[in-house]
Amino acid sequence: MVEGPTAKAYAVRIENRLKGEVIRRLYAKSRRLHVSPSLAIGKMVTGAESLGKNIVVRLEELAIRLHLMMYGSIHLYELGEPLLKPEAMVRLILEGEGSKLVAYNAPIVELDLYERLMTRLKAGLGPDPLRPDWDFEKALRRLRGFKGKVGVALLDQQVIAGLGNILRNEILFRAEVHPERQVRSLSLDEVCRLIEEAKRLSEEFLARKLRGERIAPLLKVYNRQRQPCPRCGYPIKLYFQEPIKRKTFVCERCQR
Ligand SMILES: [Zn+2]
C-alpha cells in the first residue's frame with residue numbers, strides 16, 4: 001500500500017532524475033486524458049510533487065497525476081534500457097532526452113492542465129503533512145469535525161491526506177489514543193498529539209525511504225500482534241476495525 005511518504009519519495013526521485021528534460025514521447029493507457037497527449041511533446045519536466053497518495057509530474061503548464069493504490073509501481077530507466085516488467089502492465093511511459101519513467105499497474109493516470117488538476121485534487125483532500133502548504137489548524141478542524149471513530153478518521157483523506165494503515169496504527173499508539181474512541185470524546189490535547197504524530201511520523205517514514213532504508217524498525221505495533229508492547233509489555237492485540245475492516249493493532253493498556 002502506498003502511503004504519503006512513499007508517494008513523496010517517488011516524487012523526489014522523479015524530480016532528481018527527470019527535471020529539465022524535454023519530453024520526446026508520452027504513452028498513456030488511461031481514460032483520464034483531459035488534454036491531448038501530443039501537447040506534452042516538447043514540454044520540459046519542471047518538477048514532481050506528491051499530494052496525499054498522489055504523485056504529480058509537472059510539464060510546464062501540464063501535469064500527469066499517478067495514483068498507485070495497492071499494486072502500482074514506478075520505474076526510472078535510461079532511454080533504451082529494457083523494461084523490467086511485462087508490457088501488458090504498462091500504464092504510462094514518459095520519455096525525456098536521457099531518461100524515461102514507466103508506471104506499471106497504476107490504476108489512475110491522468111493528464112491535465114497543472115492548475116486545474118491541482119485545484120481538483122486539493123478540493124478532495126485534507127492537508128498533507130509532507131507538503132510546504134501543510135496547515136495544522138485546518139487538520140485540527142477537519143479531525144475535530146469528523147463524526148465517528150478516530151481510527152476511521154485518520155484514514156479519511158479529507159481529514160489528513162496521505163495516511164495509510166501503517167501510519168494510522170503507529171500514530172494512534174504514539175499518541176496513546178484507542179482507535180475505537182469517538183472523535184467527539186477526544187480532548188484538545190489528544191487531537192493535537194495525533195496531528196503532531198501524523199506529521200512527525202510521516203517525515204520519519206519519508207527520511208528512511210529517501211535513504212533506501214526499511215521502515216520496519218520504526219514500527220512499534222504494526223504486525224506485532226501477541227508481542228509485548230514496547231512501552232508496558234502487555235501483548236499487542238490485532239483486530240479488524242469496523243466499518244473499515246482494516247487491520248488494527250492496539251495496546252489495550254497504553255491506548256485509552
Ligand atoms: Zn502498552
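This report describes a sheet with its flanking helices and a zinc site in a predicted model.

## Basis of the model

In this predicted model, local features need pLDDT of at least 70 and side-chain atom pairs count only at pLDDT 80 or more, while totals for chains, interfaces and linings use all residues. Residues are numbered from 1 along each chain as its sequence is written, and side-chain values use heavy atoms, leaving out hydrogens and water.

## The sheet

An open sheet of five strands has the order β2-β9-β5-β4-β3, with mixed pairing. Because β2 (32–33) and β3 (45–51) are at the edges with a single partner strand each, one side of each has no neighbour in the sheet. Strands (E, at least two residues) and helices (H or I, at least four) are DSSP runs numbered from the N terminus; two strands pair if DSSP finds at least two bridges between them.

Strands β5 (residues 62–67) and β9 (residues 108–113) run antiparallel and are joined by six bridges. Leu62 stands opposite Leu113 in β9.

## The helices

Helix α1 (residues 4–18) lies across β3 and β4 (54–59), at about 175° to β3. Helix α2 (residues 114–123) lies across β3, β4, β5 and β9, at about 125° to β9. Contact means heavy atoms within 4.5 Å; angles run from 0 to 180 degrees between N-to-C directions of axes fitted to C-alpha atoms, for helices over the stretch in contact.

## The zinc site

The SG atoms of Cys229, Cys232, Cys251 and Cys254 coordinate the zinc ion at 2.2 to 2.4 Å. Donors are N, O and S atoms within 2.8 Å of the metal (3.2 Å for Na, K and Ca); water is not among the atoms, so sites may look incomplete. The donor residues follow the spacing C-x2-C-x18-C-x2-C.

The arrangement is tetrahedral because the four donor atoms subtend angles of 101 to 115°, where four donors qualify if all angles lie between 85 and 135 degrees. Cys251 and Cys254 are both buried, meaning under 20% relative accessible area (1.4 Å probe, protein chains only).

Definitions and conventions:
Four donors count as tetrahedral if all angles lie between 85 and 135 degrees; four count as square planar and six as octahedral if opposite donors are over 155 degrees apart and all others between 65 and 115; anything else is irregular. Buried means under 20% relative accessible area, exposed over 50%, partly exposed in between (1.4 Å probe, protein chains only).
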